[in-house]
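Open the model in your viewer and keep the selection tool at hand.

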Amino acid sequence: MIHIYYGFGKGKTTGAIGCGIRAAGAGFKVSLVQFLKDDKSSELNALDFDIFKSPHNLPFHPDCSYQTWVDGAVNYIMHSDSDMIILDEFLDVIDSFVSLDTALDILAKLSDKEIIITGHKLIEELNAKADYVTCFEKIKHPFDDGISARKGIEY
């Protein structure tokens, strides 16, 4: 089944990883690929998932050199033997680093797996294929008051 967690509220990655922890606890093999994130997110230190390593340094707005990493990630995803695959921030690389057709091909090829996709924007073609769609809406966030992301909370 396909899960989509999208929107501008906090908790998309947390929800996806929580679902992954539950699945791992039930004996599932879980893979995690984090798009548009570097390798410094604290959760990576605590997870017993198969993790496709993110770049060590990633600019806020990645350029075309990021494409090589994305292509490797897509290859990893397409050949995964995991029961559940978490594609964190995947929605936000569609049309910039991953074509819509490739995204749809991934979903078709992995139709026997549990797929969790997160990101900010909802893409109608993926929405149509999803079994679960949850919107995370920001009502209030410390960032609005100039408070930077905090280690252990936001990353």
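Begin with the charged side chains: the whole structure holds eight salt bridges, each defined as a side-chain nitrogen of Lys or Arg within 4 Å of a carboxyl oxygen of Asp or Glu. This is a predicted model, in which local features need pLDDT of at least 70 and side-chain atom pairs count only at pLDDT 80 or more, while totals for chains, interfaces and linings use all residues. Residues are numbered from 1 along each chain as its sequence is written, and side-chain values use heavy atoms, with hydrogens and water left out.

Select glutamate 89 and lysine 37, whose side chains form a salt bridge (4.0 Å, N to O). Glutamate 89 sits in the loop between strand 4 and helix 3, and lysine 37 in the loop between strand 2 (30-34) and strand 3 (50-52), 52 residues apart; helices (H or I, at least four residues) and strands (E, at least two) are DSSP runs, numbered from the N terminus. Both residues are buried, meaning under 20% relative accessible area, with exposed over 50% and partly exposed in between (1.4 Å probe, protein chains only).

Next, select lysine 138 and aspartate 144, a salt bridge at 2.8 Å, N to O. Lysine 138 is partly exposed at 35% relative accessibility, and aspartate 144 is partly exposed at 46%.

Then show Asp38, Asp39, Lys40 and Lys53, which a network of salt bridges links.

Finish with isoleucine 117. Leaving out residues up to four places away in sequence, its contacts (heavy atoms within 4.5 Å) include Ile2, Tyr5, Leu87, Phe90 and Leu126.
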